[in-house]
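Here are my notes to go with the model you asked about. Keep the structure open while you read, and find each residue as it comes up.

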Amino acid sequence: MFCEKAMELIRELHRAPEGQLPAFNEDGLRQVLEEMKALYEQNQSDVNEAKSGGRSDLIPTIKFRHCSLLRNRRCTVAYLYDRLLRIRALRWEYGSILPNALRFHMSAEEMEWFNNYKRSLATYMRSLGGDEGLDITQDVKPPKSLYIEVRCLKDYGEFEVDDGTSVLIYFVCLVETGFHRVSQDGLDLLTS
Amino acid sequence: MSEAYFRVESGALGPEENFLSLDDILMSHEKLPVRTETAMPRLGAFFLERSAGAETDNAVPQGSKLELPLWLAKGLFDNKRRILSVELPKIYQEGWRTVFSADANVVDLHKMGPHFYGFGSQLLHFDSPENADISQSLLQTFIGRFRRIMDSSQNAYNEDTSVLVARLDEMERGLFQTGQKGLNDFQCWEKGQASQITASNLVQNYKKRKFTDMED
């Protein structure tokens, strides 16, 4: 029966726990496209035979193969689209620099899509909030208070933050265990 | 669970499946019994037991009984039934419908076809004279089972739920999970964890894997 390989692609994606991106199944996709090519060529020759040779009994067979072609197309498009949804989620949950393990799971085209998406998002965020822009991927929930008490679990040493030198003083203090107050942005950076 | 990943929802319970929904693709892969109304040449290779052999151009003869996936049956079906006519699978027929009306809770819907409701809804496309009864049966079955699903999903906190979901079909399992998520969120809020900042699940999963890579 046709479209078995396409179903394998779908099942593989469905099995991945919610939101995780499995490796790009280039081999599988190539096989699906080859099957589509074969189906198309068989249908082409049968259509010619039906028209010129008067074999109208071939029409159900042509329809059968055509349905399989549409099915393969549907599976391929759904596979690629679902992967893009997962990749988009990565930008929001993980940030703009992805770990290598994840990057190896993406195809070259998906990587390009990710970069374009990052760029669009960055342009949009810069256009908000006056001159500075607003990072909408942080602070999706409103904070309860301006500062949060933090306890240092481990001696990390000195920690530099790209907020500017005025903030550096906070993190040098963090070296000693005790309670300190940190703004929410800094905290997000530290918990990742 | 990743909060930023919004998968395409299933449309199977409505008039038409969603093209891009993975759930709908899996659902429409399930098979149903059909009968060919015309011979189909050159497809004998797929149905070896039925094939009429090389003399008839390797055809599947007229009147053969086959099991085809839903997507194929939908594609080949038309009102005049020129290529196929469709039979209802057993579970949607009179006999089983009576069982469901008696007590819907005892049936293992996962074994009967893990997409009972979705598949049944899409079956209505085939214009069977029993359509009205089938749709009523689907609705009443769900009404009968819903209460138990809701109760169990709201009362099973931090336990192994495999026994509870074993006999549910895919749509019911989705409902159960939604219920569980609601319960877990509420418990988090009660414990005051709702305002704590935690690394997202997605990030944690990738971190864990990275650690084991280093160990290899």
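**Notes on the two chains**

1. Let's start with confidence. Chain B has a mean pLDDT of 86, and 86% of its residues reach 70 or more; pLDDT is the predictor's confidence in each residue, from 0 to 100. The model as a whole scores ipTM 0.87 and pTM 0.82.

2. Some ground rules. This is a predicted model, where local features need pLDDT of at least 70 and side-chain atom pairs count only at pLDDT 80 or more, while totals for chains, interfaces and linings use all residues. Residues are numbered from 1 along each chain as its sequence is written, chains are lettered from A and ligands numbered from 1 in the order in which they are written, and side-chain values use heavy atoms, leaving out hydrogens and water.

3. Which element of chain B has the lowest mean pLDDT? That is helix α8 (residues 201-215) of chain B, at 55, whereas helix α1 (residues 22-27) of chain B has the highest, at 96.

4. Now chain A. Its secondary structure comes to 7 helices and 2 strands, in the order α-α-α-α-α-β-α-β-α from the N terminus. Helices (H or I, at least four residues) and strands (E, at least two) are DSSP runs, numbered from the N terminus. Of the 192 residues of chain A, 38% count as buried (buried means under 20% relative accessible area, exposed over 50%, partly exposed in between, with a 1.4 Å probe and protein chains only).

5. Take a look at α5(A). Glu110(A), Phe114(A), Tyr117(A), Leu121(A) and Met125(A) are buried there. They cover an arc of only 65° around the axis, which puts them on the same side of α5(A); the arc is that of the directions from the helix axis to the C-beta atoms. These buried residues pack against α3 (59-94) of chain A. On the face turned away from them sit exposed residues, including Glu112(A) and Arg119(A).

6. Finally, α5(B). Where is its kink centred? The kink, about 35°, is centred on Arg145(B); the bend at a residue is the angle between axes fitted to the seven residues ending there and the seven starting there. Arg145(B) is also one of the buried residues of α5(B), along with others including Ile134(B) and Leu138(B). Their cover includes α3 (94-102), α4 (116-123), α6 (162-165) and α7 (170-190) of chain B.

Definitions and conventions
Contact means heavy atoms within 4.5 Å.
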